[in-house]
Amino acid sequence: MYMNRVLLILIFLCIQPKAFSQKSKSDSLYILLSKEHIDSNRVNLMWKIAEVVSIYDPEKSLKIGRDALYLAKKIEYAEGQSRSLGILANIFIKLGNYPRALEFNIQKLQLEENKKNPKNMASVLMNIGVVYVFQEEYRKALPYYYQSDSLIEKYNIQEFKYNIALNLGDLYDRLGITDTAYSFYKKSLDIAFNLNNDYLIGVSMTGLGHIYRKQHKFQLSQNSYQKAIVNLQEAHDDDLLCEASLGLATLYQEMNENDSAAYYAKMARFIAEKDGFLPRHLDAANFLTDHYKKLKNTDSAFYYLNYVQNLNATINSKTRIRESQILSSNEQLRQIEIEENKRIAKLERHQQLQWLFIGIFIPGFFLLTLLMSKIRIHPRLIKILGVLSLLILFEYLLLLLHPYVTKLTNHTPVYEMLIFVSMAAILIPGHHRIEHWLIQRLTNNRPFNSGIRIKRKTMKLKKQD
């Protein structure tokens with residue numbers, strides 16, 4: 001019996017019980033989105049909508065979250081990308097699709113490594129550890145938790161100190177390393193007391209109850225569980241309340257207090273059945289089956305054995321539904337990616353055609369300028385055309401090099417400015433030299449002005465004669 005729910009996930013998912021109020025909130029956000037024209041603001045509204053919609057319709061929220069991610073990538077809005085990736089990861093956790101959740105969290109981690117934001121880095125590292133815990137790959141979770149803990153301590157990120165202590169306590173509890181688990185649970189409890197937060201105290205007390213029981217410190221375990229149950233009841237956290245109650249039932253069974261053990265196990269079963277917590281419900285039913293078998297109470301043992309069988313059938317059905325949801329979500333995401341790839345390919349073709357047009361236009365315009373030098377046109381027009389052709393050429397070069405410069409400088413404005421100023425210092429003198437040569441080439445030996453001047457001089461001489 002472990003703490004299957006990790007507090008960090010609750011904080012990031014913002015789980016609330018009333019789907020109706022969330023539907024109303026999402027409608028309000030949709031109205032704001034329809035009126036918003038600034039892309040970065042649209043991204044923020046979209047990931048917020050995805051977060052709210054995921055509470056009552058996770059599959060629908062996938063499309064919204066993915067659209068937010070694509071738009072954030074398009075406008076190169078790093079914070080929007082990070083937020084969208086985090087929401088998508090949490091949606092897949094809700095769907096039980098842990099490999100996909102891990103994939104999006106790792107993408108978020110790679111993005112945050114470039115941003116160098118300690119708080120965001122600490123949160124995503126912790127979330128990756130959480131996903132590994134859900135997959136029961138505890139050893140893989142450990143280094144991510146410790147990397148997160150290192151950042152939290154180094155940068156004194158107060159709001160994550162409780163989370164990481166609790167998560168590490170939970171992880172070592174799962175690994176069966178009770179001494180280390182105790183030290184982290186105790187640390188989380190001290191933080192909860194400093195925060196004066198009764199709910200967090202109840203969560204930590206549940207963990208300590210498990211550890212004291214495994215260490216055969218029965219009185220301390222009993223006190224911890226009882227304190228946890230009171231606090232969790234006040235906080236209306238029925239899921240963790242089931243765990244604390246069943247933990248206390250297990251303790252009483254080990255202490256041979258059978259009536260108390262049955263009481264708290266039935267309490268856990270009742271709460272789990274009421275709230276639809278199937279895994280908790282099954283744990284409590286299995287406990288009662290084994291409990292009555294040990295007491296040789298055949299009727300009660302047979303009753304709960306049938307009860308467990310029915311529950312297993314329900315859980316197997318739910319598991320098949322969940323597997324179907326995972327397949328459906330993967331296919332939905334694949335279709336979204338196909339549509340986005342088509343859109344990107346269309347955009348790239350459009351851009352390639354524009355580059356091709358510019359590439360053809362520049363030499364064509366330059367050739368036209370040279371041809372016009374053979375026609376009887378005023379030299380000033382030829383000079384203007386020559387200057388325009390050179391300006392277009394140099395602007396084309398700057399446009400061509402700009403993406404490479406931004407990538408090289410990691411979008412740092414100061415470095416971009418220095419590079420472009422250096423380029424201008426080289427290009428401008430070259431521009432003047434080529435411009436001078438071109439104008440001389442186009443206007444050399446022109447009959448237009450010189451013919452007029454010769455004709456005028458001849459007329460003056462005739463008049464003098």
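Colleague: Which residues are buried in H6?
Modeller: Arg100, Ala101, Leu102, Phe104, Asn105, Lys108, Leu109, Leu111 and Glu112 are buried in H6. Buried means under 20% relative accessible area, exposed over 50%, and partly exposed in between, with a 1.4 Å probe and protein chains only. Helices (H or I, at least four residues) and strands (E, at least two) are DSSP runs, numbered from the N terminus.

Colleague: What kind of model is this, and what are the ground rules?
Modeller: This is a predicted model: local features need pLDDT of at least 70, side-chain atom pairs count only at pLDDT 80 or more, and totals for chains, interfaces and linings use all residues. Residues are numbered from 1 along each chain as its sequence is written, and side-chain values use heavy atoms, with hydrogens and water left out.

Colleague: Back to H6. What span should H6 have, and what are its ends doing?
Modeller: H6 covers residues 98–115, and its 18 residues should span 26 Å at 1.5 Å a residue. The end C-alpha atoms are 25 Å apart, which agrees. The expected span is 1.5 Å times one less than the number of residues.

Colleague: What comes just after H6?
Modeller: Lys116, with a positive phi of about 60°.

Colleague: And H3, how far does it reach?
Modeller: H3 (residues 39–56) reaches 26 Å from first C-alpha to last, close to the expected 26 Å. Its buried residues include Trp47, Met46 and Ile49. Glu51 and Ser54 are also on that buried list.

Colleague: How many helices and strands in total?
Modeller: The protein has 19 helices and 0 strands. Of its 465 residues, 43% count as buried.

Colleague: What about confidence?
Modeller: Mean pLDDT is 79, and 69% of the residues reach 70 or more. pLDDT is the predictor's confidence in each residue, from 0 to 100.

Colleague: Where is the pLDDT below 50?
Modeller: Over residues 1–20, a stretch that has 64 contacts in the model beyond near neighbours in sequence. Contact means heavy atoms within 4.5 Å. Residues 445–457 are also below 50, and that stretch has 13 such contacts. Where pLDDT is low, the predicted coordinates should not be read in detail.

Colleague: New topic, the core. Which residues touch the most other members?
Modeller: Tyr145 and Leu232, in the largest nonpolar core, which has 100 residues. Helix H7 (residues 118–134) gives the most to this core, with 10 residues. A nonpolar core is a set of buried Ala, Val, Leu, Ile, Met, Phe, Trp, Tyr and Cys residues joined through side-chain atoms within 4.5 Å.

Colleague: What is Tyr145 in contact with?
Modeller: Leaving aside neighbours within four places in sequence, its contacts include Met126, Val130 and Val133. Ile164, Leu168 and Leu171 are also among them.

Colleague: Now charges. How many salt bridges?
Modeller: The structure holds 17. A salt bridge is a side-chain nitrogen of Lys or Arg within 4 Å of a carboxyl oxygen of Asp or Glu.

Colleague: Give me one within a helix.
Modeller: Arg83 with Glu79, closest N and O atoms 3.4 Å apart. Being 4 residues apart in helix H5 (residues 78–94), the two are separated by about one helical turn. Arg83 is partly exposed at 40% relative accessibility, and Glu79 is partly exposed at 26%.

Colleague: Which residues are linked with them in a network?
Modeller: Glu112 and Lys115 join Glu79 and Arg83 in a network of salt bridges. Recall that Glu112 is buried in H6.

Colleague: Is Arg213 buried or exposed?
Modeller: Arg213 is buried, with a relative accessible area of 8%. Glu254 counts as partly exposed, at 35%.

Colleague: Last one. Where does Arg174 lie?
Modeller: In helix H9 (residues 158–175). Arg174 is buried, with a relative accessible area of 10%. Arg174 and Glu136 are 38 residues apart in sequence and 9.0 Å apart in space, C-alpha to C-alpha.
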